[in-house]
Amino acid sequence: MIFMNTLKYLQTHEYLLDVDLWRLFANLEELTQTSLGFVNSLFGIVKDYVDTSETSSSLDFISVLTKYFRGSLCQSHQTYCLNYSAAIFYLESLRQRDDFGIYLKWCEQNEQCRRLHLPELLVAPLQRLTRYPLLLKNIWKRSMDSAEKIMIYSIKEKVEKSIRDLEGKVKWLDNFQKFRYLQEIIVWPPLWDRDKRFFVPECLKHIFKEHTAENILSPTNRHLLYEGKLTLAESTRFLDAYLFLFNDFLLVTKTKRNKKKLGGSDSGFMCPSLTPELQAVIKEGGSCTVLDQPIPLDRLVVKSIEPLHVSVFGLRNAFLIQHENRYRQCIAAFLLQAQTENIKKTWMAQITTAISCFTKNQETKKIPLFTLPTESSEI
């Protein structure tokens, strides 16, 4: 609240006007009021019990627990937690600015911050949410009334379910944001640029409509299982490659860096799920250009290459990826080099596991051979 109120004060005096309060603090004010109301109500019950200990036999927590845990407490935490990851990366981009750095240092000197920095304070509501089930469990243990124990236990179960739902929402949101950024940085060259064998006159290029990246890289259709930087060996050179292993295909791209810095761009800090390699590419205004069509996992073959066979070319930790068509003919091959032997083994294991899972899923989707369609009554 010290950081947020200070920023509000500065903005009323026309400083740091471009800093988005919501992106940094989300619904912190609402969350603070709700949490404070819960704590005050909880301790109010304890105080009333102490003041009237002669006439009261037990502590009645049910009304307070029901009001807050079946009300706005968990919902307020969920709203805050869903914004947390983006807030941290937005903060990292702002910290590079001198004026924002002065603001942070001034706030950190406040004794109420106890020498903690803003990232350490922003995570506190997440930690508090996970402690609520422990609090409820302790109250449940010490309750003597069976009906009260049942009620408290049901509230505890509801809070734990809320935390599980939140974890699922956070994963979905991170996945959605990541795919959105992948759509921006992955470049799909047209057919005639991918392969010079295919000649298309300029006047006919409008006929070819490539599938857009939005359709191919959609978080509703597929999941990203593994990714990373590798080296692609060509006849006369080595390329910096970046591979994306999805649950249904493998995408091989080459990274292209633009040494010209993008003025005022903080897109590299927008998605916490992006790897450091991709963050570096984005910060330099680069992209990942698709080298060939996506390789379906049921058409993918991965083979380890012995050092003896490629050491003459200066390759180490190499493995081969083959793309086969439906007739089991090899239509593309990529000779890749990993930084270490362990990275090579990890890549091969990830690809092998993905192929196995994809094959099993395809088999379960097949219609049983002897299942007949329901006969129409009109026949």
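In this predicted model, Val 39, Phe 43, Val 46 and Val 50 make a nonpolar surface patch of about 340 Å². Val 39 belongs to helix 3, which covers residues 28–51. With a relative accessibility of 35%, Val 39 is classed as partly exposed, because that class lies between the 20% limit for buried and the 50% limit for exposed residues.

**The chain as a whole**

The protein chain holds 14 helices and nine strands. Of its 379 residues, 38% are buried. The accessible surface of the chain is about 23,600 Å², and carbon and sulfur atoms account for 55% of that surface. When contacts between residues at least 6 apart in sequence are considered, 66% of them join residues at least 24 apart.

In soluble globular proteins, nonpolar side chains tend to be buried together. The largest nonpolar core of this model consists of 24 residues, and Leu 243 and Ile 321 are the ones with the most contacts inside it. Two or more residues each are given to this core by strand 2 (224–233), strand 3 (238–246), strand 4 (249–256), strand 7 (300–304), strand 8 (318–324), strand 9 (330–337) and helix 14 (341–365). Helix 14 supplies the largest share, six residues.

What does Leu 243 touch, if residues up to four places away in sequence are not counted? Its partners are Tyr 226, Glu 227, Gly 228, Leu 230, Leu 250, Leu 251, Val 252, Ile 321, Leu 336 and Trp 347.

Gln 11, Thr 275 and Asn 325 are taken in turn below. Each counts as buried because its relative accessible area falls under 20%.

| Residue | Location | Relative accessible area |
|---|---|---|
| Gln 11 | helix 1 (residues 2–12) | 17% |
| Thr 275 | loop between strand 4 and helix 12 (276–283) | 17% |
| Asn 325 | loop between strand 8 and strand 9 | 19% |

Gln 11 is in contact with Leu 16, Leu 17, Val 19 and Leu 21, leaving aside neighbours within four places in sequence. A polar atom of the Gln 11 side chain lies 2.9 Å from the backbone oxygen of Leu 16. Between Gln 11 and Leu 21, which are ten residues apart along the chain, the C-alpha separation is 9.9 Å.

Thr 275 touches Glu 227 and Tyr 242 when residues up to four places away in sequence are not counted. Glu 227 is also one of the residues touched by Leu 243.

Which backbone nitrogen atoms lie 2.9 Å from the side chain of Asn 325? One belongs to Tyr 327, which the Asn 325 side chain reaches at 2.9 Å. Another is that of Gln 329, 2.9 Å from a polar atom of the Asn 325 side chain. Leaving aside neighbours within four places in sequence, Asn 325 is in contact with Arg 299 and Ile 331.

Terms used. Residues numbered from 1 in each chain as written. Predicted model: local features only at pLDDT ≥ 70, side-chain atom pairs only at ≥ 80, totals over all residues. Heavy atoms only, no water. Core = buried A, V, L, I, M, F, W, Y, C linked by side-chain atoms within 4.5 Å. Buried < 20%, exposed > 50% of the residue type's maximum accessible area, 1.4 Å probe, protein only. Helix = DSSP H or I, 4+ residues; strand = E, 2+ residues; numbered from the N terminus. Contact = heavy atoms within 4.5 Å. Polar contact = N/O pair within 3.5 Å; in protein donor to acceptor, adjacent residues only side chain to side chain. Patch = residues over 30% accessible without salt bridge, like charges linked within 9 Å, V, L, I, M, F, W, Y side chains within 5 Å. Areas by Shrake-Rupley, 256 points an atom, 1.4 Å probe, with all protein chains shown as cover. Salt bridge = Lys/Arg side-chain N within 4 Å of Asp/Glu carboxyl O.
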